[in-house]
Amino acid sequence: MSLDTPQAGTRRERLTAHEALQRLEHERSSRLVELSAMGEVTGDVTQGGQEHAMAARKETIKRVLTEVEAAFARVKDGSYGVCRKCSEAIPVERLEILPHTAYCVPCQRSAG
């Protein structure tokens, strides 16, 4: 048996709302800590000429935080875990890794 093969009876179809909220809270907290830490090192970075990379990273974190907030809304309205493009269930493994995702892998790839 391979490590990437799920064992019989262990694969779940969906995260519970409680599990989703916990994962989203963790994601939000992690991103806010990262953003805060970046603010503390801004002076050092601007002297080193890396301000463009820092600005891009901050924008990425802000985008993820926006996606996390949208995911909280999807938990509340019951649409969390359903792909916004094809309406199929997003695999629980994907939601465990990217709890804020709104798309299954094939739809995310086609979106570019």
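Modeller: Happy to. This is a predicted model. Let me start with a cut-off: a residue is called buried when its relative accessible area is under 20%. Buried residues make up 27% of the 112 residues in the chain.

Colleague: What makes cysteine 83 count as buried?

Modeller: Its relative accessibility is 2%, and the cut-off is under 20%. Cysteine 83 therefore counts as buried.

Colleague: And why is cysteine 86 called partly exposed?

Modeller: Partly exposed lies between the buried limit of 20% and the exposed limit of 50%. Cysteine 86 has a relative accessible area of 32%, so it is partly exposed.

Colleague: How do you know how many disulfides there are?

Modeller: A disulfide is a covalent bond between the sulfur atoms of two cysteines. The rule asks for a pair of cysteine sulfur atoms within 2.5 Å, and by it the count is zero. For cysteine 83, the closest cysteine sulfur belongs to cysteine 107, at 3.7 Å, so the two are too far apart for a bond.

Colleague: What is the nearest cysteine sulfur to cysteine 86?

Modeller: That of cysteine 83, 3.7 Å away. The limit is 2.5 Å, so cysteine 86 is in no disulfide.

Colleague: Which pattern does the chain follow along the sequence?

Modeller: The pattern is α-α-α-α-α, with five helices and zero strands.

Colleague: How much of the contacts with a separation of 6 or more comes from residues 24 or more positions apart?

Modeller: Such residues account for 55% of those contacts.

Notes: Residues are numbered from 1 along each chain as its sequence is written. This is a predicted model: local features need pLDDT of at least 70, side-chain atom pairs count only at pLDDT 80 or more; totals for chains, interfaces and linings use all residues. Side-chain values use heavy atoms; hydrogens and water are left out. Helices (H or I, at least four residues) and strands (E, at least two) are DSSP runs, numbered from the N terminus. Buried means under 20% relative accessible area, exposed over 50%, partly exposed in between (1.4 Å probe, protein chains only). Contact means heavy atoms within 4.5 Å.
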